[in-house]
Structures are given as C-alpha cells and as structure tokens.
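Q: Can you walk me through this structure? I'd like to go over how its parts touch.

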Amino acid sequence: MIKYSKDHEWIRVDGDQGVVGISDYAQESLGDIVFVELPEVGASFSSKDEVAVVESVKAASEIYTPVGGEITAVNKDLAGDLSLVNSSPMEGGWFYKIKISDLSELDRLMDEAAYNKYVETLS
Amino acid sequence: METPENLKKTPLFNLHAELGGKMVPFAGYNMPVQYPMGVMKEHLHTRAAAGLFDVSHMGQAFLRARGDQDIGKLFERLVPGNIAGLKPGQLRYTLLLNNTGGIMDDLMVTRHEDKDNTLFLVVNAACKEQDFAHIRDKFKDEADLEIFNGRGLIALQGPEAETVLSRLWNGSANLKFMQARGVDILGYECFISRSGYTGEDGFEISVPGEGAEDLVRALLAFDEVKAIGLGARDSLRLEAGLCLYGHDLDEGTSPVEADLVWTIAKARRKTGDFPGAGRILKELEEGAARKRVGIKPLGRALAREGTEISDQEGSKIGVITSGGFGPSFGGPVAMGYVASAHSATGTRVGLLVRGKMLEGEVYALPFVKQDYKR
C-alpha cells in the first residue's frame with residue numbers, strides 16, 4: 001500500500017513498517033537536489049514533525065513525516081548520489097524507514113488516485 | 001504586484017515558451033529561470049561547451065556628448081573608473097556611485113568604435129529606470145541618452161563560444177576580452193563585446209529586437225549551444241565571484257567594502273573627482289569596517305542569502321549576500337560581508353542555518369578559475 005501527504009511525501013507500508021520519500025511532483029518542482037539532511041536512526045517523531053531537509057538549487061524544503069514512529073533506517077545511498085531523488089524519487093531515492101506507532105494515522109493520507117487528483121489542482 | 005499579465009516580455013518570449021522555459025517574474029520581466037535540462041546541467045554545459053542566455057531585460061543605451069567635451073571624461077562624474085582613457089572599441093566594468101559613496105548600480109561602459117563621442121551602456125534590469133533618470137539629470141544639455149527599449153541582448157558563454165560564433169561572424173577570434181565591435185550578423189546590425197557574467201570566455205551580443213529570435217535560433221542550431229536560464233546564470237556568476245546588484249551590492253555599500261577597489265582608477269584616487277570620494281578615499285586609506293569575501297561552507301548544507309555569519313565564539317560578524325550550490329565547484333558556495341578583522345582567507349566562521357551553527361571558512365574568490373581571452 002502506498003499513501004501520500006499533501007506535503008508531497010509518500011509512504012509505502014508493509015505491516016507496521018513504512019518507507020518514506022518525496023513524490024515525483026515534489027522532485028520536479030524542487031529541481032536538482034543538492035543536499036539532504038536525514039534523521040537519526042532510533043529517533044522518534046510524531047506525525048507532521050519535521051524530520052528531514054531537502055535542498056535543491058532553488059530552495060530548501062522541510063520534510064514532515066506523514067506518520068509518527070521510530071526511524072529504523074535511512075537511505076545511505078543518498079550520501080553518494082543525491083541525483084537518485086530526482087531520477088528515482090519513488091524507488092532508489094527514498095529517505096527513511098519508520099516503524100509506524102499508530103496505523104490509523106494512515107487513514108488521513110491520500111491514496112494514489114486521490115493524490116494524483118490533488119496534484120492536478122495545483123498546476 | 002508582479003502578475004504574469006503586467007510583466008514585460010523580451011523579444012525572445014515566444015521562443016522561451018517553445019523551448020520549455022520555466023518562466024518567473026524577474027525585475028518586472030517574465031524570464032526563463034530554467035529549461036527542461038535543469039539548472040545543474042545547464043550550468044555544467046556552459047562551462048563545458050556554450051550556453052546562450054537571454055539578457056534582453058537589461059538596460060541598453062547610447063550616451064552621446066553634445067559639445068566638444070569628451071564623453072568619457074564627462075561620464076567620470078558619475079563613476080570612479082578611468083572612462084576618459086577607454087580606447088574606441090574597449091569596454092570597462094564600473095560603478096554608478098551616489099554622493100555618499102554607495103553603489104547605485106554596476107554597469108558595462110563601452111566607448112563606441114564607429115560612433116563619434118559615444119558610450120554604450122549596459123545596466124541592470126532592476127535599476128535601469130533609476131539609472132537612466134540619474135544620468136539624464138546629471139548631464140541635462142551636455143549629453144543625450146538614447147535608450148534602446150525592445151532591443152535584444154544575448155550572451156553566448158563558454159569555451160566553445162568563439163568557435164560557434166565564428167560560423168556566423170569570422171571576426172570572433174580577433175576580438176579580445178573587453179573589446180567590442182559593431183558587426184552585421186544575418187543582416188542585423190549587432191554590437192558584440194567579448195565579455196560576460198559567468199567567468200567563462202564569451203560574448204554579449206546586442207541585436208535589434210526583430211532580429212533576436214533569428215540570431216538565437218541560428219546559434220541554438222549548433223550542437224554545442226544550449227539555452228540557459230537565470231538559475232544557472234546565478235550559480236555561474238557566483239562561482240566566478242561576480243556580484244549581483246541588489247544582493248551583493250546596494251546603495252549603502254562602497255566599492256572598498258565590496259572589494260571592488262580595482263574599479264577605482266589610480267589617477268582618480270589623487271584627483272578625488274567622483275561621487276562619494278570623501279568616504280571612499282578615507283576607506284582606501286584606513287580600510288573599511290566590513291568587506292565582501294567568499295565563504296565556503298565546510299559541510300554539504302547550503303548557506304543562502306541572509307544567513308548570519310558569526311565568529312568562532314558565536315558573535316555575529318556578518319551576513320551572506322549570495323549563496324547556493326556550485327555545480328562546477330562540487331559543493332556549496334557563498335559570498336557575504338564580514339567585519340574586516342575576520343576577512344582573511346582561511347578564517348573559520350560559523351553559519352547559522354536552520355537554527356544550527358555550521359562551519360565555514362573565508363575563501364579566496366573566485367571558486368572556479370576565470371577563463372577570459374585577454
């Protein structure tokens with residue numbers, strides 16, 4: 001299952017494990033990514049907390065975690081190749097993995113069809 | 001407020017749309033910030049081959065003396081540079097100064113080779129109305145200002161620029177850095193200078209508005225040339241250590257503070273016959289309280305305009321005025337003003353980014369070696 005936030009983060013969910021990244025729309029709007037600051041593994045956050053920062057040639061953007069929980073991993077590949085966020089935002093360009101503390105928070109997020117509709121209203 | 005409806009368009013507006021340019025408001029114009037290639041690739045392409053920029057939003061004008069007085073000598077009333085000594089066909093970077101020695105604008109001044117007692121001026125888009133009003137006010141009946149609204153100005157920059165331009169004009173190899181010439185290209189009366197704003201070799205071509213699109217299409221037809229937006233123009237000039245007016249320079253800032261002492265002609269330091277000479281000569285003698293320097297953030301995070309600079313104890317010593325990512329430098333780059341006591345190359349500084357103090361150091365500009373054909 002994949003869900004999206006209005007801030008353009010996606011979360012792919014398997015049981016209580018989630019993988020989070022930014023959407024294709026987000027990477028396209030940001031442009032070339034030049035810096036990503038990821039959270040510490042083991043840190044806990046509530047939903048909508050700022051967990052990461054992504055900077056493009058144009059601007060810095062905060063990343064808000066779509067659900068609360070504990071960070072279990074971060075994408076170490078990004079340290080070597082930030083262009084993954086632009087070239088593969090939904091796969092190789094993921095940001096972090098999170099152990100979701102309250103699965104019901106997922107209900108507040110959009111499914112793919114709803115997100116695509118939402119994005120259409122933005123352009 | 002700037003809305004897409006009341007923004008001005010350059011003669012290349014339709015072409016930008018056709019090329020997929022992402023348009024943004026800039027100095028009252030609707031300008032391409034990037035094309036589909038993206039800022040990073042556009043930047044690197046310019047340093048590797050040739051980039052083509054629409055800079056038609058900038059102000060272009062002739063200033064012609066009415067009487068026998070030399071126009072260069074007259075213009076020295078407004079700027080600290082040696083303009084009287086400009087040879088025909090030579091251009092120079094100089095500064096319009098106010099009476100307190102602050103910088104009203106930075107500009108390029110060419111002594112026209114063919115037109116008698118005439119300077120060609122290129123000023124910043126955001127300042128042009130104010131600059132031209134100032135110039136008219138200062139010269140009244142001594143000189144005539146002919147403003148070229150609607151004329152195109154394009155920059156062709158990069159190591160392949162000379163080769164590419166030679167296919168349209170066989171004189172490109174003979175024009176040296178900071179020289180300019182009137183040339184007929186594709187039947188249009190152009191005015192070409194070997195100059196630019198990227199740190200690369202290159203040319204700026206003033207072209208009649210009706211010929212701008214033809215000329216740009218002819219240049220873009222060559223494989224080496226890609227259209228480049230304002231985003232890459234900014235990162236290119238920042239790596240080259242060049243100032244952006246309104247950010248790195250403003251009306252409160254003197255040429256000494258801005259580390260543009262080289263623009264103050266030696267002879268004129270003796271005569272002191274330029275606006276704000278009192279302050280500027282004093283600063284030349286005693287040093288200014290603050291100075292523009294390059295700042296290299298030591299980590300990967302960017303230090304953008306407005307970032308506070310502190311000493312190692314955490315006391316504020318200055319502010320970043322331009323900052324971003326340097327694609328050719330391969331990391332973050334910035335420039336800003338610091339208290340002169342902290343301006344030596346290699347001085348460690350703190351950069352307050354998103355509430356955290358990051359490490360940076362004062363770095364000798366430019367970040368990327370300039371490659372001019374002198």
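This is a predicted model: local features need pLDDT of at least 70, side-chain atom pairs count only at pLDDT 80 or more; totals for chains, interfaces and linings use all residues.

Q: Which domains does chain B have?
A: The domain assignment lists three. Domain 1 of chain B covers 13-56 + 150-239. Domain 2 covers 59-143 + 254-288. Domain 3 covers 289-363.

Q: How many Å separate the centres of domain 1 and domain 3 of chain B?
A: The figure is 31 Å, taken over C-alpha atoms.

Q: And how many residues are in contact there, between domain 1 and domain 3 of chain B?
A: Domain 1 of chain B brings eight residues. They are in contact with 11 residues of domain 3 of chain B.

Q: What area is buried between those two domains, domain 1 and domain 3 of chain B?
A: About 700 Å². Carbon and sulfur atoms give 69% of that area.

Q: Which helices supply the domain 1 side?
A: Two of them are α2 (39-48) and α7 (230-239) of chain B. Each supplies at least two residues of the side of domain 1 that touches domain 3.

Q: What classes of residue are on that side of domain 1 of chain B?
A: Three are nonpolar, two are polar and three are charged.

Q: How many salt bridges are there between domain 1 and domain 3 of chain B?
A: The count is zero. Still, five residue pairs are in polar contact across that interface.

Q: New topic. How many residues are in contact between chain B and chain A?
A: 13 residues of chain B are in contact with 14 residues of chain A.

Q: What's the buried area between chain B and chain A?
A: About 1,100 Å², and carbon and sulfur atoms give 50% of it.

Q: Which three residues of chain B supply more of its buried area than any other three?
A: Met40(B), Arg304(B) and Arg354(B). Together they supply 45% of the area that chain B buries against chain A.

Q: How many salt bridges are between these chains, B and A?
A: Three. One salt bridge joins the side chains of Lys356(B) and Glu37(A), at 2.8 Å from N to O.

Q: And how many residue pairs in polar contact, chain B to chain A?
A: The count is 10.

Q: Where does the largest share of the chain B side come from?
A: From α2(B), which gives three residues of the side that touches chain A.

Q: Last one. How do the residues of that chain B side divide?
A: Five are nonpolar, two are polar and six are charged.

Notes:
Residues are numbered from 1 along each chain as its sequence is written. Chains are lettered from A and ligands numbered from 1 in the order in which they are written. Side-chain values use heavy atoms; hydrogens and water are left out. Domain bounds come from an automatic or database domain assignment. Contact means heavy atoms within 4.5 Å. Buried area is the accessible area (1.4 Å probe) that two parts lose on being put together, summed over both. A salt bridge is a side-chain nitrogen of Lys or Arg within 4 Å of a carboxyl oxygen of Asp or Glu. A polar contact is a pair of N or O atoms within 3.5 Å; within protein, one must be able to donate a hydrogen and the other to accept it, and residues adjacent in sequence count only if both atoms are side-chain atoms. Helices (H or I, at least four residues) and strands (E, at least two) are DSSP runs, numbered from the N terminus. Ala, Val, Leu, Ile, Met, Phe, Trp, Tyr, Cys and Pro count as nonpolar, Asp, Glu, Lys and Arg as charged, and the others, Gly among them, as polar.
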